[in-house]
Amino acid sequence: MHGMNQKPVKKIGIIGAGKVGCSLGKYLTDRGKTVAGYYSHTYENAVTAAEFTGTDSFRTMEELVTLSDTLFITTQDGQIGAVWDCMKGMSLDGRIVCHCSGSLSSGVFTGIGEKKAYGASAHPMLAFRDKFSSYGQLDNCFFTLEGDSCALQELEGLFQELGNPYCRIRVEDKAKYHCAASVLSNDVLALLDMGFGLLGQCGFTEEEARHAAAFLVRGNVENVLGSGAPASMTGPIPRGDVSTVAKHLDVLAGEEREIYRLLGRRLLEMAKERYGNREDYPRIEELLANVAEIW
């Protein structure tokens, strides 16, 4: 956590009326924050978002910018640069311009200092699934902030009042941060899909696989979040069970074998740090390092 007792933003405008824009606007208004309203490339979408949040819709971006001291750009990543290009032709003196992209940094706001405005990004570590219900998930959601220090002080004041935890990162770390978030969300889904697929090869239906794995998956996630990854390790690799690791490799082929091998090497390094060099670890390392035919 950074910066205490900062002054909050006063009036917020939201550019973009999709899942993130609707969710953020509803979250803010429900907690008594002043949201001027929405501008969207499609006016009908701005109207829908405004009705949902009890705010106003605007036919031009400049109208919304004029009425707001803080602008949240909640469009898709590929549109943020174009939105900024439009905004640069407007009076932005003293305004905070903030996007909510996880992958882009505040560097997308080129020349913002010349406009006497302040750029930042505020990324919620959350997968927005629905335009009209995901706002409930923003309660206590973690935000990652980067950008101009003046903008960050204002945004920190806002998130302190909302009760959301947050952390500042450096602009140059934004891509690595987004990679981390992707690994923790999407890549985990790929691993679960691989596990479900292996159960399917054993005769499980898709529904049976999910049901069978539910207690195991939930318990593992809770353990990791509560105690950390090293303390939550189980299975044949940290135990030094050479024969079981060999059997696993024997029943896998191609991409799945390579995924198991690479993740196993990571697990083995974690196990060494936690338990030291157990006598069976060199043999497991040899098995996992064996680059047999992968494809």
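Me: Is Glu-206 buried or exposed?
Reply: Glu-206 has a relative accessible area of 62%, so Glu-206 is exposed. Two notes on the source. This is a predicted model, where local features need pLDDT of at least 70 and side-chain atom pairs count only at pLDDT 80 or more, while totals for chains, interfaces and linings use all residues. Residues are numbered from 1 along each chain as its sequence is written, and side-chain values use heavy atoms, with hydrogens and water left out.

Me: Which residue meets Glu-206 in a salt bridge?
Reply: A salt bridge puts a side-chain nitrogen of Lys or Arg within 4 Å of a carboxyl oxygen of Asp or Glu. Here the partner is Arg-210, at 3.2 Å from N to O. Arg-210 is partly exposed, because its relative accessibility is 42%.

Me: Where do Arg-210 and Glu-206 lie?
Reply: An α-helix has 3.6 residues a turn, so residues three or four places apart point the same way. Both Arg-210 and Glu-206 are in helix α7 (residues 206–227), four residues apart, about one turn of the helix. Helices (H or I, at least four residues) and strands (E, at least two) are DSSP runs, numbered from the N terminus.

Me: How many salt bridges does the structure hold?
Reply: The count is 14. One of them joins Arg-168 to Glu-156, with the closest N and O atoms 2.7 Å apart. That pair links distant parts of the chain: Arg-168 is in strand β8 (residues 166–168) and Glu-156 is in helix α5, twelve residues apart. Arg-168 counts as partly exposed because its relative accessibility is 29%. Glu-156 has 0%, so Glu-156 counts as buried. Another bridge pairs Glu-172 with Arg-170, at 3.6 Å from N to O.

Me: What is the largest nonpolar core made of?
Reply: In soluble globular proteins, nonpolar side chains tend to be buried together. A nonpolar core is a set of buried Ala, Val, Leu, Ile, Met, Phe, Trp, Tyr and Cys residues joined through side-chain atoms within 4.5 Å. The largest one here has 29 residues. Those with the most contacts inside it include Ile-12, Phe-72 and Phe-159. Helix α5 gives the most, with six residues. A second, separate core of 19 residues includes Leu-64, Ile-73, Met-90 and Ile-112.

Me: Which residues does Phe-159 touch?
Reply: Contact means heavy atoms within 4.5 Å. Leaving out residues up to four places away in sequence, Phe-159 touches Ala-122, Phe-143, Leu-145, Asn-164 and Tyr-166.

Me: What order do the strands of the open sheet have?
Reply: Strands of a sheet pair through backbone hydrogen bonds, either parallel or antiparallel. Two strands pair if DSSP finds at least two bridges between them. The open sheet here has eight strands, in the order β3-β2-β1-β4-β5-β6-β7-β8, with mixed pairing. β3 (56–58) and β8 stand at the edges with a single partner strand each, so one side of each has no neighbour in the sheet. From one strand to the next, the twist averages 25 degrees.

Me: How many bridges join β2 to β3?
Reply: Three, and these strands run parallel. Tyr-38 stands opposite Ser-57 in β3. β1 and β4 also pair in the parallel sense, over four bridges. There, the partner of Gly-13 in β4 is Leu-71. β4 and β5 run parallel as well, joined by four bridges. Phe-72 has Cys-98 as its bridge partner in β5.

Me: Which way do the residues of β4 point?
Reply: Thr-70 and Phe-72 point one way, Leu-71 and Ile-73 the other. All are buried.

Me: What covers the buried residues of α1?
Reply: The cover includes β1, β2, α2, β4 (70–73) and α5. Among the buried residues of α1 are Gly-21, Leu-24 and Leu-28. After α1 comes Gly-32, whose phi is positive, near 80 degrees.

Conventions:
Buried means under 20% relative accessible area, exposed over 50%, partly exposed in between (1.4 Å probe, protein chains only). Axes are lines fitted to C-alpha atoms, for helices over the stretch in contact, and angles run from 0 to 180 degrees between N-to-C directions.
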